[in-house]
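Good morning, colleagues. I would ask you to bring the model up on your screens before we go through its contacts.

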Amino acid sequence: MSESGPGATSTYAAAGVDIEAGDRAVELMKEWVKKASRPEVVGGLGGFAGLFDASALARYRRPLLASATDGVGTKVDIARRMGVYDTIGRDLVGMVVDDLVVCGAEPLFMTDYICVGKVYPERVAAIVKGIAEGCTLAGCALVGGETAEHPGLLGADDFDVAGAGTGVVEADQVLGADRIRTGDAVIAMASSGLHSNGYSLVRHVLFDRAGWALDREVPELGRTLGEELLEPTRIYSLDCLALTRTTEVHAFSHITGGGLANNLARVIPEGLRAVVDRSTWTPGAIFQLVGETGSVERLELEKTLNMGVGMMAVVPADSVDVALTTLADRGVEAWVGGEITERTAGDTEAVTLTGDHAG
């Protein structure tokens with residue numbers, strides 16, 4: 001029987017932090033971290049900092065380091081409610097490395113931060129497994145991270161994840177708005193679903209308003225609602241880097257929070273605009289389901305969700321065939337979704353969406 005009161009001895013464990021469980025979590029995750037490595041990684045897991053041999057950058061004339069950080073938002077609630085923890089890490093990696101590659105940077109390494117209400121070693125290891133698998137898909141290393149236990153602030157089953165990544169790009173090969181020209185083609189790359197954005201809207205519509213359960217079989221989706229919502233974010237970094245090696249690329253745009261138009265606008269220069277034709281693709285069933293079930297207007301959907309496009313590339317018109325072939329060979333569904341035109345006088349919109357979706 002434990003003692004309490006003014007004279008009782010206080011301990012870290014009594015406050016809710018289990019150091020032994022944390023140590024066991026580290027042991028369980030080591031095998032996964034080892035699989036997410038690169039030759040430049042120095043040392044192993046357990047140090048105070050991850051080490052990466054920067055001498056590999058000597059082959060660059062003027063290497064620029066790129067840095068990005070992100071999380072996965074309220075998608076963690078889906079993982080928690082389903083009790084599936086080994087995919088959310090892939091979402092985290094995708095959110096970080098695909099921001100890095102937008103400027104043409106090769107992702108080199110990542111670190112992660114996992115915050116939990118209570119350390120369940122197998123659960124933490126499963127999260128790290130997903131992160132390690134994501135790093136492998138992205139071609140980068142997982143060099144370290146932190147697991148923090150926050151009893152009293154988070155419930156025992158609650159958790160959140162965040163990560164930071166570093167990449168490198170040659171200074172004269174940085175991609176962006178300054179390279180884009182009139183007549184360029186806008187290539188769209190299909191998303192794997194919702195990815196990791198807009199889940200607050202999706203949860204409000206499907207859970208709060210419609211009252212659907214995660215185990216509900218949804219014919220339009222061909223699987224349960226939970227399986228659809230937990231589908232991992234597609235990681236495009238190696239596909240985008242392959243494009244830069246096989247043909248000329250002027251810019252990339254990672255379609256995340258804010259939707260297609262707002263994200264593509266970030267790489268469109270003054271005086272030009274991107275005209276994207278909705279009729280060139282049909283969004284997946286989940287997007288229509290959210291719109292119809294919640295009576296969400298198209299504009300609201302488009303500024304919240306990716307609508308079936310996870311990454312866009314702006315390339316010269318004469319690079320389209322090679323670009324599409326490269327992506328097809330890599331298993332990426334892609335198509336010409338629009339073009340770059342002159343912006344008319346008084347037009348303040350950098351991106352215009354026209355037409356209606358096919359199907």
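How many bridges join β4 to strand β6? There are 10, and the two strands run antiparallel, with β6 covering residues 159-170. Before I continue, a word on conventions. What you see is a predicted model, in which local features need pLDDT of at least 70 and side-chain atom pairs count only at pLDDT 80 or more, while totals for chains, interfaces and linings use all residues. Residues are numbered from 1 along each chain as its sequence is written, and side-chain values use heavy atoms, with hydrogens and water left out. Helices (H or I, at least four residues) and strands (E, at least two) are DSSP runs, numbered from the N terminus.

Let us stay with the sheet. Two strands pair if DSSP finds at least two bridges between them. Four strands make up an open sheet of mixed pairing, ordered β3-β6-β4-β5. At its edges are β3 and β5 (141-149), each of which pairs on one side only. Neighbouring strands of this sheet are turned against each other by 15° on average, direction ignored; axes here are lines fitted to C-alpha atoms, for helices over the stretch in contact, and angles run from 0 to 180 degrees between N-to-C directions.

I turn to charged pairs. A salt bridge is a side-chain nitrogen of Lys or Arg within 4 Å of a carboxyl oxygen of Asp or Glu. The structure has 18 of them. One joins Glu106 to Arg59, at 4.0 Å from N to O. This pair connects distant parts of the chain, 47 residues apart: Glu106 belongs to strand β4 (residues 106-116), and Arg59 to the loop between β2 (51-52) and β3 (63-71). For accessibility, buried means under 20% relative accessible area, exposed over 50%, and partly exposed in between (1.4 Å probe, protein chains only). Glu106 is partly exposed at 22%, whereas Arg59 is exposed at 62%.

Because Lys75 sits in helix α2 (residues 75-82) and Asp91 in helix α3 (residues 88-100), the pair ties together parts 16 residues apart in sequence. Lys75 is buried at 0% relative accessibility, and Asp91 is buried, also with a value of 0%.

The setting of α3 deserves attention. Of its 13 residues, 11 are buried, so the helix is largely enclosed by the rest of the structure. Among them are Ile88, Leu92, Met95 and Asp98.

A further salt bridge pairs Lys303 with Glu300 at 3.4 Å, N to O. Lys303 is partly exposed at 42%, and Glu300 is partly exposed at 33%.

Finally, the aromatic residues. Rings of Phe, Tyr and Trp (its six-membered ring) pair if their centres lie within 6.5 Å; planes under 30 degrees apart count as stacked, over 60 as edge-to-face and the rest as tilted. The count comes to two aromatic pairs. In one of the pairs, Trp281 and Trp335 are tilted, at 6.0 Å centre to centre and 35° between the planes. Both Trp281 and Trp335 are buried.
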